[in-house]
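Subject: Structure for you to look at

Hello,

Here is the structure I promised to pass on. Please open it before you read the notes below.

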Amino acid sequence: MEKYVYLFSEGNKDMRDILGGKGANLAEMVNMGLPVPKGFTITTEACNKYYKDNQTLDKIIEEEINDAIERLEAVTGKKVGGMTNPLLLSVRSGSPISMPGMMDTILNLGLNDDIAEKMAKDKDSIRFIYDSYRRLIMMFADVVRGYSKDEFEKIIADIKEEKNYTSDLDLTAEDMYDIAMESKKVYRKLVKEEFPQNPKIQLMEAVKAVFRSWNTERAKVYRKMNNISETLGTAVNVQEMVYGNLTNDSLTGVVFSRNPSNGEKDLYGEYLEKAQGEDIVSGVRTPKDINDLKKEYPKIYKDLKDISKLLEKHYKDMQDMEFTVEKGKLYMLQTRSGKRTTLAALKIAINMVEEKLIKKEEALMRIEPDKLEEVLHPSFDKEALKKANMIAIGLPASPGASIGQIYFTVEDVINAKKEGKNPILVRVETSPEDIEGMSTAVGILTVRGGMTSHAAVVARAMGKCCVCGCHEVFIDERHKTMICGDNTFEEGTTISLNGTTGRVYEGEVALSESGIDEAFETFMSWAVNTKKIGVMANADTEKDAEVALSFGAEGIGLCRTEHMFFEEDKIFAMRKMIVASNSEEREKALKELLPMQMLDFQNLFRVMNHKKVIIRFLDPPLHEFLPKTKEEITVLAKSLKITDEELTLKIESLKEFNPMMGHRGCRLAITYPEIAVMQTRAIIEAAIRVTKDGCEVYPELMIPLVSDVNEFKYLKDIIKETATDIMDKYKVNIPYEIGTMIEIPRSAVMSDEIAKEAEFFSYGTNDLTQMTYGFSRDDAGTFLNDYYEKGIFKHDLFKTIDTSGVGKLLDVSIKLARKTRPTMQLGICGEHGGDGKSVEFCHKIGLDYVSCSPYRVPIAILAAAQAVIKENN
Ligand code: PEP
Ligand code: MG
């Protein structure tokens with residue numbers, strides 16, 4: 001028979017699927033003998049059953065809960081609803097994959113009028129009991145009945161204003177009693193019934209409400225963003241209450257076993273005296289640094305540190321722990337693997353290998369390849385920072401640098417993004433409702449809240465730059481302005497945020513290159529030694545090539561020669577070549593292009609000394625290169641000595657209905673072979689020149705968009721003849737190869753034929769995806785979103801390779817090609833070459849290398865290493 005409820009002592013850490021992460025870890029801590037308040041977990045299966053039964057709680061589950069309560073009463077010696085020794089409970093959510101702050105919690109369950117009155121013996125306990133009672137009423141109204149907390153919060157705000165109090169701590173016992181009674185009235189007014197006095201009813205209602213919180217809008221958005229399955233469900237943890245707000249030696253806190261921002265090996269966290277956990281997370285009061293605990297409560301600090309070490313050793317990972325101290329006694333309320341920045345993740349992984357806690361392979365698996373992007377991003381330039389005008393300073397909640405325009409609501413952030421701005425979300429404090437705005441914004445700035453406030457935790461998980469607790473900022477929500485000292489900043493004003501130091505600057509501060517450090521280098525060297533597949537870069541300029549090399553690229557897998565003409569003077573010559581009316585004009589334009597190309601190739605070869613460079617022949621979708629503005633047309637017409645009208649007519653005649661499938665790629669050189677001749681000359685002569693200077697070069701000449709072996713052969717013969725002539729002329733031999741891109745389905749299925757002529761293949765999966773689906777790359781963006789939103793396609797096809805369709809073509813092509821030419825070099829150079837999941841696929845199907853943009857080289861290297869580790873396990 002299915003079991004829906006487990007006492008903590010019956011579970012363990014491997015049961016997170018049914019007990020949720022929190023429940024499984026609470027059970028594990030109990031098994032380890034750590035101080036955990038007694039309790040039990042209602043399983044995720046109970047949650048799924050609740051939904052299957054149309055949101056009703058099955059009698060069997062209810063009975064199991066009642067049974068667990070009885071067992072809890074027996075071990076605690078307390079009784080739910082008991083007048084002498086009442087058992088008060090917390091009810092918290094906990095899904096198998098952590099969703100911080102996304103679901104609901106209810107505390108102090110079990111209190112009612114009679115019990116509160118009985119428990120309130122003296123002034124101190126009156127204040128405490130009625131504070132707990134009013135919190136229960138408010139949370140119950142909010143979580144169980146769905147009414148906002150605002151009216152309840154207003155009761156407190158009104159009393160504070162009336163009595164001129166500055167802090168909640170000024171509220172007296174009488175005030176708390178009045179607030180609790182007033183809260184009951186507000187509850188009655190809103191819910192149109194009395195607050196339930198029966199503790200068992202409170203409990204069952206709370207359990208159902210936590211199940212329902214699995215399906216709130218914010219939880220769904222979070223799951224979508226983090227690819228978490230909708231079918232997991234949440235478990236519910238019911239636990240004896242311990243109070244961090246009971247006495248002067250009571251407190252509550254959140255602590256990480258290492259610094260989640262920079263990875264340093266020291267306890268890191270915050271606590272609040274006389275407070276409950278929600279006070280820390282909500283950011284309403286600014287907590288104290290955990291180092292103060294060392295001074296003020298040395299024994300508790302030591303116990304906490306010992307437990308943290310024990311848990312790290314046990315879980316072999318950095319832990320994020322919640323604790324409460326009630327009357328000087330420490331209780332652990334939660335432990336889980338802590339979310340961290342990539343910078344911290346790298347450092348922690350490396351330190352843990354040095355400490356022999358984990359192996360290198362485990363360290364490599366700890367970081368998601370895409371997350372590396374965070375450390376590859378630029379930080380502010382040191383010199384520029386010295387000159388910048390700092391307007392405020394807060395807490396460095398999530399590192400990085402962001403420059404953008406300030407907006408004060410989620411809606412405004414989303415709209416600004418649509419208008420092409422880089423919005424920074426500025427809030428007093430964030431709440432889970434703000435999640436979409438936070439993910440849309442380039443940075444986040446909050447007035448309140450500490451390092452573990454909602455904004456800080458979520459921003460770090462997103463790898464987004466965030467400054468929290470910036471008290472010097474005042475937000476005028478009505479006028480949508482931000483005031484810092486004497487300055488007022490309107491909505492839309494540009495500021496710069498430094499999430500690494502917590503500083504906020506006026507205007508735009510210049511950025512510097514990446515924040516790569518020693519830890520990154522060490523980590524990447526392990527990945528390089530583990531991976532099997534080669535990683536090359538798509539680079540068209542010396543600068544790109546230098547960046548690619550610095551990130552560990554083994555060569556250039558794709559140099560798009562048309563991109564070499566993007567600069568002003570070069571594009572002009574290129575345009576002349578495109579609009580030439582006859583071969584004489586074209587030859588003239590090509591003559592102009594030749595020295596430019598040759599120089600660019602020499603520079604590229606010098607940077608790539610001893611390394612392979614795959615140069616792709618011209619593949620310009622014509623519409624990207626034709627002149628567009630009136631001025632551009634006038635200048636070009638003048639140079640061609642024709643009228644503007646004549647040129648306009650010429651441009652019109654070149655316009656295509658679908659340029660992506662038009663006169664581009666090898667088709668251009670079939671019509672105008674002189675283009676292929678010029679490019680071959682440029683490559684071979686450049687190679688000869690740099691060879692004379694002592695460089696070793698390995699040019700590979702690649703023909704794009706081939707669909708038939710005869711197309712390829714026609715151009716190959718021209719290239720060979722030209723290259724031979726030049727080498728004969730200079731009496732030098734340059735080793736080179738001629739290959740092709742496979743980016744049309746026909747060429748994929750004809751690979752055995754094409755391989756008879758081509759010496760290597762490179763899969764152009766951008767075009768191959770376009771042509772396999774029949775989606776134009778230029779137009780698909782306008783409608784593909786509907787496919788993703790409606791779940792018809794699970795992921796962006798142009799980012800992560802479609803393994804079943806496009807992937808099948810690759811697989812077929814590889815097999816056919818290797819049948820003809822067993823040792824043929826095969827790689828991929830579409831955008832997919834820099835995507836973690838696609839790289840893993842490329843490894844599996846036996847490609848020799850992936851080639852991607854320079855900044856994605858480390859991502860591809862790590863993904864390639866992880867593919868090997870996964871294969872070996
Ligand atoms: C491709 O099609 O995948 C490719 C690399 O070429 P381009 O993006 O230049 O068409
Ligand atoms: Mg292509």
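How do the residues of the shell around ligand 1 divide into nonpolar, polar and charged? Three are nonpolar, four polar and six charged; Ala, Val, Leu, Ile, Met, Phe, Trp, Tyr, Cys and Pro count as nonpolar, Asp, Glu, Lys and Arg as charged, and the others, Gly among them, as polar.

This is a predicted model, in which local features need pLDDT of at least 70 and side-chain atom pairs pLDDT 80 or more, while totals for chains, interfaces and linings use all residues. Residues are numbered from 1 along each chain as its sequence is written, chains are lettered from A and ligands numbered from 1 in the order written, and side-chain values use heavy atoms, without hydrogens and water.

Helix 32 gives the most to the shell around ligand 1, with three residues. (Helices are DSSP runs of H or I, at least four residues; strands are runs of E, at least two; both are numbered from the N terminus.)

Glu-743 has a polar side-chain atom 2.9 Å from an oxygen atom of ligand 1, and a polar backbone atom of Thr-765 is 3.0 Å from a ligand oxygen.

The magnesium ion (ligand 2) has Glu-743 (OE) and Asp-767 (OD) as its protein donors, at 2.0 to 2.1 Å. Donors are N, O and S atoms within 2.8 Å of the metal (3.2 Å for Na, K and Ca); water is not among the atoms, so sites may look incomplete. Both Glu-743 and Asp-767 are buried, meaning under 20% relative accessible area (1.4 Å probe, protein chains only).

Regards

Note on methods
Buried < 20%, exposed > 50% of the residue type's maximum accessible area, 1.4 Å probe, protein only. Polar contact = N/O pair within 3.5 Å; in protein donor to acceptor, adjacent residues only side chain to side chain.
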